Amino acid sequence: MSDLLIRGGRVIDPSRATDGVADVYVKDGKIEAVGRNIPAQPGASIIDAAGKVVAPGLVDLHVHLREPGFEHAETIATGAMSAAAGGFTAICAMPNTDPVTDSQATVGFVVRQAIRAAKARVYPIGAVSIGQNGEQLTEFGEMVQAGAVAVSDDGRPVATSHLMRTALEYAKTFGIPVADHCEDMSLAKGGAMHEGIISARLGLKGIPSAAEEIMVARDIILAELTGGHVHLCHMSTKGSVALIRWAKERGLRVTAEATPHHFTLTHERCEGYDTNAKMNPPLREAADREAIRQGLKDGTIDCIASDHAPHHYDTKEREFDDAPNGIVGLETALGLGLRELVEPGLLSLPDLLARMSTVPARIFKLPGGTLMVGAPADVVVFDPAERWTVRREDLHSRSTNSPFLGETLSGRVQLTLVGGRVAYDRSNRQIL
Amino acid sequence: MTEPTLGKDLLGLEGLTKAQVELILDTAEPFKEVSERAIKKVPALRGKTIVNLFFEASTRTRISFEFAEKRLSADTVNVAASGSSVSKGETLVDTARNLEAMRIDMVVIRHGSSGAAKFLADRIRSNVINAGDGTHEHPTQGLLDLLTLRDRFGKIEGLKVAICGDVLHSRVARSNIWGLLKLGAEVAVCGPATLIPPQVVELGVQIIPRIEDAIAWADALNILRLQLERMQAGFIPSLREYNRVFGVTRERLARAPKELAILHPGPMNRGVEIDSDVADGPHSVILPQVTNGVAVRMAVLYLLAGGGPDWRSGGGGDDR
Amino acid sequence: MPSVTRLLDDSAMARALARMASEIVEQCGGAEGVVLLGIQRRGVELAARLARLIEQSAGAPVPMGKVDITLYRDDLSTIGPRPRVGETSLPDSIDGKTTVIVDDVLYTGRTVRAAMDELADFGRPRRILLAVLVDRGGRELPIQADIVGVTVTSSDDDRVDVAVKELDGRDSVELVRGGPV
């Protein structure tokens, strides 16, 4: 692996609160130096980053890679490629595959597949309960040893208060968070979209905001009871943001994420029964979207996660009620963050990058999210001003179920380095 | 001013203009007369092929459509979910492609999922008529209710209509609300709060919680069918209590300040949402509704036929 | 520039109708068992006038009805549906009657064909006659009128405008040459 000199970019490192034009020198897969006018060693490749932003690679705590079991929708390799193309150097794979990632062996499988793919780093999240069936705890210790960084029953909530309590207590031993998909299933049952005026008009069964908020409240109360770390996935409602704010004021170990689609879209997008607007939690109302944005601004919502959920095209090509939830998000997350949060002045560019790299890396205690000397060279280079149109044929994911197809986004990834190796280089237009 | 037309499909009343709704009602008038003839058949749709695609069991609506089609001389085929490839797990998109390949002129679809009619209409060039999609809309039922009210009161504008019962799960309620509001009626909904979506007020509809108050307010009651499943799903405690609290009974009607018209889309649960002596009473227009159903459906078929697909030129609707 | 030729003014139209009424009685062998059927819309008004004239001469009322042929047209898929479908109302029975179809202008013959199809759905007249105020030629079907008010030779670009007092405030027949105004 030759040395790399990334020259003349605007280097933003939220981990050290630095922002300025500099060079970044990468040697042996690590950040060797950051500073002005670094000379290139003989044999080093030089990348001209003038006019571009150079930042720690993005970190996504919440993706679905579908392997094993649903490889027609995505594999660990295609998901890791999609991540690199979106500027992500580390992603955390939810365990709702077939079989479920609920043992040392299945965690090990994800790790091995990711190493073979050699694109973005993939960190497995183990299931909380065996088979995600909400009954018996999985072997957290064994899974952590094999590489799991958190536990979650995502796809569904941690089923009972008792299971959540024991999971939070038991997870403390291993220093990992319990990530929860907050949904009261009895309230949400049969729901296809947010409960409100649009669901009333379309005649679709609604999922009330209360279904999420009840579980957020439960998890916060149990975090207080146990002292454990609960990480709240894909927050979507105004009420959830208020509850988290309250929890943080009390000093509880509660962290939260929000998705680009929840800070961008509202339930109006379901008009016309577009199944690419069907997700869980559902797209909510304008006031909810605004609360999510404010939460990201004031830090109540700690980080942005894509909830990348690939589905084969023909499973989305059906009646709204029967279509699966979720959209692909790895390749549109940065562009939406720039267009929706930075350009309107809600977040500064360093703040956005903090919420997409440094902060999520800290929440799951992952390496990365920093350009500190000696850190692994996980780096993204992008042009924040470049506008581009999301086209189906340009996406690297195996699935293209996105409501943003045809939209113009800001900020296009030029280069993604993972451990000093080029995982994505748009100028070469080839998969390296 | 150009005459309004209907376009390719009839998916719901929400998307229609007032002029389009009135066009259908006015066109239905001469078709009432056709059904009174000894030979109840005109050749208007001779040579047109129509598929009645019913994914949900329905006797009344299917027969009404079938009569309407036959009285217009169309060739019709009925496809029911049981006994077809649909029950073998064929997806709606495959069904659509097969219909497309058979060069069908029109499809009348009844389906359990909201949006299914639009899904089909977006994918085939044939005219699509929604005969009820999930809990979304049932536009021809809404139209026949409008025609019945217009027959009874002379006009819709200014009329006070209360829609009573399970509004939450009712496609009839939604189509009625849109149609009535477009033609200038005042609309209220009445029923247990568990079965009334609170957001309906945003549509311009008022909520009257008690049936006695709805009867005192309204010129006409459109009484929805209460599905037995609602009790099992915990929306109401029992049919008995529903009748006690929300049933339209002769005693309650007797206290009305004026004579109300009583509508019901059928099939009725006598003794639950409506008592027999109300259903069979002098103010019931339930059977005229059925008669008007055929005329309205003839009008819709006739109006859409002109905008039908031209297979020779490959024109017609959206090509996907 | 289109040119307008007046074929009939109000007095000429009155004379033409009077002659047509007497020809109907003559060809039907009296007014007994005769039914007049006007084709919507101006045919209906002309049939009503003929009925009155026959009643005046024969002394007995002549039943009449109206026929709307919209649903019997053969051009639905090419020109689209007529937005307004008119009323069809016939006397109690036309079975065994001598039925006179009355229309304002006879041109291609397709309207009359549709009217005869429609009559067949209502009963079996003993005989069907056709009475028209204007025969402008240009037939596309083997159909001819039995009783004609005025005959004129016209081309496809011409138009024949019939006005009747009941609908238009005046009685006249005009030939408009040279395409649409």
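Me: Which element gives the largest share of the lining of the largest pocket?

Reply: That's α6(B), with three residues. Keep in mind that this is a predicted model. Two or more lining residues also come from each of α5 (185–188) and α6 (197–202) of chain A, and from α2 (60–71) of chain B.

Me: How big is the largest pocket, and which residues lie nearest its centre?

Reply: About 1,500 Å³ of space lies in it. The lining counts 50 residues, and B:Thr135, B:Asp166, B:His169, B:Ser170 and B:Arg230 lie nearest the centre. By class, the lining has 17 nonpolar, 21 polar and twelve charged residues.

Me: What makes a space a cavity rather than a pocket?

Reply: A 1.4 Å probe fits inside a cavity but cannot get out, while a pocket is an open set of points. Searching the whole structure by that rule turns up seven cavities of 30 Å³ or more. The largest cavity has a volume of about 60 Å³.

Me: Which residues lie nearest the centre of the largest cavity?

Reply: B:Arg37, C:Asp68, C:Leu71, C:Gly86 and C:Thr88, out of 13 lining residues. Helix α1 (residues 18–34) of chain B gives the most to this lining, with three residues. Sorted by class, the lining has six nonpolar, two polar and five charged residues.

Me: Now the chains. How many residues does each of chain A and chain B bring to the contact?

Reply: Chain A brings 15 and chain B brings 21. Together the two chains bury about 1,500 Å², with 55% of that on carbon and sulfur atoms. On the chain A side, A:Arg201, A:Glu317 and A:Glu319 supply 37% of the area buried against chain B, more than any other three residues.

Me: Why is the pair B:Glu14 and A:Arg201 called a salt bridge?

Reply: The rule asks for a side-chain nitrogen of Lys or Arg within 4 Å of a carboxyl oxygen of Asp or Glu. Here the closest N and O atoms are 2.8 Å apart, so the pair passes that cut-off. Two salt bridges are found across the interface of chain A and chain B. The chain A side that touches chain B has five nonpolar, three polar and seven charged residues. Between the two chains there are also seven residue pairs in polar contact.

Me: What makes A:Asp378 and A:Arg121 a salt bridge too?

Reply: Their N to O distance is 2.7 Å, and the limit is 4 Å, so the label holds here as well. The pair links distant parts of the chain, 257 residues apart: A:Asp378 is in the loop between α13 (349–363) and β16 (379–389), and A:Arg121 is in strand β8 (residues 121–126). Over all chains, the structure holds 53 salt bridges.

Me: How do you know that the peptide bond from A:Asn280 to A:Pro281 is cis?

Reply: Its omega is near 0°. A:Pro281 lies in the loop between α9 (260–264) and α10 (286–298) of chain A. The bond from C:Gln40 to C:Arg41 is cis as well, with omega near 0°. C:Arg41 is in the loop between β2 (34–39) and α2 (42–58) of chain C.

Me: And what is there to note about phi of A:His234?

Reply: Phi is near 30° there, a positive value in a residue other than glycine. Most residues other than glycine have a negative phi. You'll find A:His234 in the loop between β13 (230–232) and α8 (238–249) of chain A.

Note on methods
Residues are numbered from 1 along each chain as its sequence is written. Chains are lettered from A and ligands numbered from 1 in the order in which they are written. This is a predicted model: local features need pLDDT of at least 70, side-chain atom pairs count only at pLDDT 80 or more; totals for chains, interfaces and linings use all residues. Side-chain values use heavy atoms; hydrogens and water are left out. Contact means heavy atoms within 4.5 Å. Buried area is the accessible area (1.4 Å probe) that two parts lose on being put together, summed over both. A polar contact is a pair of N or O atoms within 3.5 Å; within protein, one must be able to donate a hydrogen and the other to accept it, and residues adjacent in sequence count only if both atoms are side-chain atoms. Ala, Val, Leu, Ile, Met, Phe, Trp, Tyr, Cys and Pro count as nonpolar, Asp, Glu, Lys and Arg as charged, and the others, Gly among them, as polar. On a 1 Å grid over the protein atoms alone, a cavity is a set of points where a 1.4 Å probe fits but cannot get out, and a pocket is an open set with protein on both sides within 12 Å along at least five of seven lines; lining residues have an atom within 4 Å of a point. Grid points are joined across faces, edges and corners, and a volume is the space filled by probe spheres set on the points. Helices (H or I, at least four residues) and strands (E, at least two) are DSSP runs, numbered from the N terminus.
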